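Subject: A structure for you to look at

Hi there,

I am passing a structure on to you, with some notes to go alongside.

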Amino acid sequence: MKNTRLLISLCTAFFAYTTTIAQTSDNNELLSHIPASASAIYQVDLSQLITKDGWGSIITTLAGSSGKPNDKKIAGMLADPASIGIDVHRTIFVATANEKTFAIIPLADSGTFLKALKETSEYNSFVIRPGKIRSGHQNDEGYAWNDKLMIVTFAKKSKQGTAENLEAQHKAAHPKGTHPQPAKPAEPLWLTNVHYSVAALAGYPNSPFLTDTWLIQGLSDGAALHIWGQEGIFGNLKKNLKRAPIPGNMGSLLADKQSSNKPQATLGSLFFENGRILFSYRVHYSPEMTDLIKSFTSHPLNEDLVNRLPKGDLLGFASIHIDLSNYSSVLDKTGSRHILDSALSAKDLSLDDFVKAIKGDVLVAAIAAPPVKSNADSTPAKPTINFYFVIALNDADKFNKIADKLELFKQKAPSEDDTAKIIVTDTGAAPTPKKPMGHTLKDNILVLGKSQELTDGYFASPGRGHSDLVTSEIRDNPVALVVDFKTLAAFLSDPSMQTNMKAMQAAMFMNKLNTLNLTIGKTPDGDVLTKIEIKMTDQSKNSLESLFELLNPGH
C-alpha cells in the first residue's frame, strides 16, 4: 500500500514537473515573436479560462449587451475558441511596442480560423494577399500566419503619415513656381501593419525576452492571465511629483531624485480558483532601489496593536510599518535629506526628531458600534462605526515635543466668525459645537479617534485578543489591508437600514463574499510582491462563476 502511494506521488510530481517544463518551452517559442521594443506584454492562458464554468456566460453577456448580431456570433466563438481553430492548449500573447499592438494567436487549424475570420468580418472586408508568405488585411489591421500561428498588428492612424498631410508638407517645402516633383504617397497603414506581422511571424531570435529568466519563470506560475510591463504603476511617478501641491520646487527636486529609480520590470498574475480570486503583482527593482525598499519591507505586522482593539464587530483594518531610520539613511545617500530638514526647521524640528519618537507601526481599524437608542419614538437607532488610528512610538516624551511644536492637539479657540455662525434655530435650540478629536497616549502607543472616551477605551479593557482576520500572510507582511465582507454585510442589514435601498443592495452583494486581503512584502529574491485575495462565501464553486453571478444577479 505504501509503495502504491509512493508511486502515485512520484507520478504526480513528474506530471507537474513535465507540465511546467512544457509550458515554459511553449512560452519561450511564443516570446520569440514579440518585438524587443515591447513595453507591455499580456498573456492569456485559454486552457485555464475555458474550463471555468463562468467563462462562456461572461463572454456571452458582454457581447449581448452591445446588441449587434455580429458581436453575438463572435462571442459564441470566443466561448469555445477550439471551434474556430485556436489551439486552446497554448497561450495567447498580446504586446504593445512603438504605438502598435501585436496579437500572437496559436492555431490548431489555420483554415478553420480563416473561415471564422471571414464570416465575422464586416462587409467581407478581410482580404488575403498573394505571395509565398500568407498574409492579409482587414481595414487597417495587418495579418500574417502559417499552420501554427497567426500574428495580427493593430495601430492607430497617424495624421502625420497620411497622404493628405504629406502632400501639404511637400507643397510648403516647394513654393509655387518652383515646379516640384509630385509628392510620394504614404504607404497605406494596413500595408505597414502587414509588414510588421510578417516580421513578427518570422520571429526575433535575438529577442531579450528569450533570456529573461525572471519573466519566463513568472509566466509559468499557472495563472490565467499575466501582465508584464517595464514601469508598472510607478511609471508616472516623476510626472505626478512635479504636479503635486508641494511648496516651492520640492516636488521637482524629489521627482529628479526618483527619475533613476524606476523598477526594471513588473509582472501581474491573475488566478481564478475555487472559492477565491487572487491577483499578485511582482515588482523587480533596480539595485539602487534596494535600500529604499527595506524602509517599507523590513518588519512584519505589529499584531499587538490589533489584539488591544476593543471588542466588537471588527469590519476591517489596514496596517503599515515604515522603518524611519533606514528611510533617513536613504535620503542621506540620495542627497534629499536637506529638503525635508529645511521644511521642518521652521518649527525647530528635524527628521531625526521623528526617527527617535516614532516606531513606524501604524494601524487604522473600523469596529461596528452597537446602536444606542436615544429617540423617544419607535424609530430604530442606526448603528455607527468607530475608527481607531493607532501609532506605535519609540519615545513618548520626544513625540510630545513634536506635538507641541506642531500644535497637533491644541484646541482652537472659537473666532468671532465661528461664534456668529452659532445662531438660534426655529426650535429655539443652538447647534451643538463640534467636539475636538480624541487622543490618548499610553504605553508608547498613540490612539486617535472621534472622541476622548473612544480613545481612552482602547486602554481601558483587556482587548479583543487574537482575530481570525490576522492570517499568517497578514501577520508576516509589513503592509496589509483586511475587509470582512460578512460582518460588513450584517452591519448594513441592520433593521434601521431597511429603508436605505443602496445599503440593502450592498449587503446582498457582500453576502456573496467573505474577505478581502491585501498584502505587500518582499520576496526572498528581493522583489516587492503585492497580493490581493478575494475569498468567496461558496468555497466549492469556481470564483469566475461566482464573479459572473455577482455582476449579473438576474441570470
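Below is what was found in it, from the whole protein down to single residues.

A word on the basis of these notes: this is a predicted model, where local features need pLDDT of at least 70 and side-chain atom pairs count only at pLDDT 80 or more, while totals for chains, interfaces and linings use all residues. Residues are numbered from 1 along each chain as its sequence is written, and side-chain values use heavy atoms, with hydrogens and water left out.

**The whole protein**

The protein has 22 helices and 18 strands (DSSP runs numbered from the N terminus, helices being H or I with at least four residues and strands E with at least two). Of its 555 residues, 40% count as buried (buried means under 20% relative accessible area, exposed over 50%, and partly exposed in between, with a 1.4 Å probe and protein chains only). Among contacts with a separation of 6 or more, 68% are between residues 24 or more positions apart (a contact means heavy atoms within 4.5 Å).

**The core and its strands**

In soluble globular proteins, nonpolar side chains tend to be buried together. Here the largest nonpolar core has 23 residues, and those with the most contacts inside it are L31, I34, I41, F93, F209, L215 and W228 (such a core is a set of buried Ala, Val, Leu, Ile, Met, Phe, Trp, Tyr and Cys residues joined through side-chain atoms within 4.5 Å). The elements giving two or more residues to this core include α1 (2-31), β2 (91-97) and β9 (265-273).

Strand β1 (residues 40-45) pairs in the antiparallel sense with β8 (residues 225-229) over five bridges (strands pair if DSSP finds at least two bridges between them). In that pairing, A40 stands opposite G229. Strand β1 also runs antiparallel to β2, joined by six bridges, and there I41 stands opposite A95.

**Salt bridges**

The structure holds 15 salt bridges (a side-chain nitrogen of Lys or Arg within 4 Å of a carboxyl oxygen of Asp or Glu). One of them joins R282 and D527 at 3.4 Å, N to O. This pair links distant parts of the chain, 245 residues apart: R282 is in strand β10 (residues 276-284), and D527 is in the loop between β17 (513-522) and β18 (528-536). D527 is buried at 1% relative accessibility, and R282 is partly exposed at 26%.

R475 and E303 meet at 3.0 Å, N to O. R475 lies in helix α19 (residues 472-475) and E303 in helix α12 (residues 303-307), so this bridge ties together parts 172 residues apart in sequence. E303 is buried at 17%, while R475 is partly exposed at 29%.

**Two backbone angles to look at**

Most residues other than glycine have a negative phi. E407 has a positive one, near 55 degrees, and lies in the loop between α16 (396-406) and α17 (416-421). D443 also has a positive phi, near 55 degrees, and lies in the loop between β14 (438-442) and β15 (445-449). E407 is partly exposed, with a relative accessible area of 48%, and D443 is partly exposed at 48%.

Enjoy exploring!

Best wishes
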